[in-house]
Structures are given as C-alpha cells and as structure tokens.
Amino acid sequence: MKLTKKSHACVRLEKDGRTLVLDPGGFTEGDAALGADALLVTHEHPDHFDEGRLRAALEANPAAEIWTLRSVAERISAAFPGRVHTVGHGDAFTAAGFDVQVHGELHAVIHPDIPRITNVGYLVDGSVFHPGDALTVPDHPVDTLLLPVMAPWNKISEVIDYVRELKPRRAYDIHDALLTDLARPIYDRQIGELGGTDHSRLAPGHSADV
C-alpha cells in the first residue's frame, strides 16, 4: 500500500487503484477526503470528523461509502442511505478492497470530569493500525503503527510505552497538529531512541510504501 500523510490525524491509503481515507477532520486539508472510495472515521471529535468533508467525498463519488461508529453514523447516514455503515469493536469488513478489523471501544481519558466517548481503531489489511484517540492494543501484530504523538489526552511517556507494547516494525506520527516545529525534534529523538522501533515523521502530502 501507499500511505500518504495528511495534516493532523488523516491518512490516505492506496492500492490497486482504490483509495481509503481515515479521519478527514477539521484540522486537515479541505480536499483530504476527495477521491476516496471508502472512508473510516474513528470518533466524533471535530479534528477527526468533519461532516462537510465527508459529504463532499460522498457527493463526488456516488460509489464511496463510510464505516464508522454510531455517534458519527447518526449524523450523516440520513443523507446517504445505504452508504454509511455502523461498526464496533470486534467487527471485520471489506471496504473498497481493503480488509479492515475494528479494535477498541472508548476514547482515552482527557480529564476525569470529561465524560468519555466511544472511539474505535482500524487495522487495515492486517498491517496498518490507526487507533484514533486511544492507545488501543489490538489482538493482532501491527506492522505499521500510526502513532498519535501529541494530544490533550496523552504524554510522551505513554506514547513511548505504547510503541514498546505494540512492537510495530515502524511507526509514523499522526495527531501532530498541536506539536510545534520547535518541539518536533524532541519528540523525534525521544520516541526514536526509547520506543524500540523505526520511528518516522511524514510531512503533510508526503508518502511511503507500507
């Protein structure tokens, strides 16, 4: 597969002429979801779910479909009957030729006073894992981890320990729009030295084969 990083938590995966887009939220490019054959959304927070971007993608491609959890599906399914599918932990499905497994149930704790919402992660083709806003450990080896490096709900020691626990062959940063350019070398060095895996960062619009 070809993996293309978009801003923040959004990535595009391409193979055999088909495109899968994950989490085209409000912090990513306005056209991030366009051209998608399938879309996956991990949860309802606006940096992961932007209704306008999803609507534009579905209108541009009448064959495109979305797989997501109930809280997101309820907000967009009425406009696109039969094209928005509700999934949860333990589900498996095929989306535009990509095999997808669903792992996880809850968003990470931001603060005890803030109610937790649902969140799911997606393992694509048994290889690439996008956890959304959680440090979910799937019951399946992960080759390529999309690593949420900077968020109100995590700290770098947790990120490092997450990489150590999953032991992926490589990890690419996501959820990084809040990370300043000044701080990026610190994160790169500490995750790279302590995580125990090949850790890389792709600039938005750049790609890698996975």
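Let me start with isoleucine 191, which is buried, with a relative accessible area of 1%, where buried means under 20% relative accessible area, exposed over 50% and partly exposed in between, using a 1.4 Å probe and protein chains only. What we are looking at is a predicted model, in which local features need pLDDT of at least 70 and side-chain atom pairs count only at pLDDT 80 or more, while totals for chains, interfaces and linings use all residues. Residues are numbered from 1 along each chain as its sequence is written, and side-chain values use heavy atoms, with hydrogens and water left out.

Isoleucine 191 lies in helix 4, residues 184-194, helices being DSSP runs of H or I with at least four residues and strands runs of E with at least two, numbered from the N terminus. Not counting residues up to four places away in sequence, isoleucine 191 touches Leu147, Val149, Ile156, Val159, Ile160, Gly196 and His199, contact meaning heavy atoms within 4.5 Å.

Turning to the cores, the largest nonpolar core has 44 residues, of which Leu13, Leu20, Leu39, Leu40, Phe93 and Tyr122 touch the most other members; such a core is a set of buried Ala, Val, Leu, Ile, Met, Phe, Trp, Tyr and Cys residues joined through side-chain atoms within 4.5 Å. Its largest share, 4 residues, comes from strand 4, residues 38-41. A second, separate core of 16 residues includes Leu123, Leu147, Tyr162 and Tyr187.

Finally, the sheet: 7 strands form an open, mixed sheet in the order 6-5-4-3-2-1-14, two strands pairing if DSSP finds at least two bridges between them. Strand 6 (84-86) and strand 14 (207-209) stand at the edges with a single partner strand each, so one side of each is left without a neighbour in the sheet.
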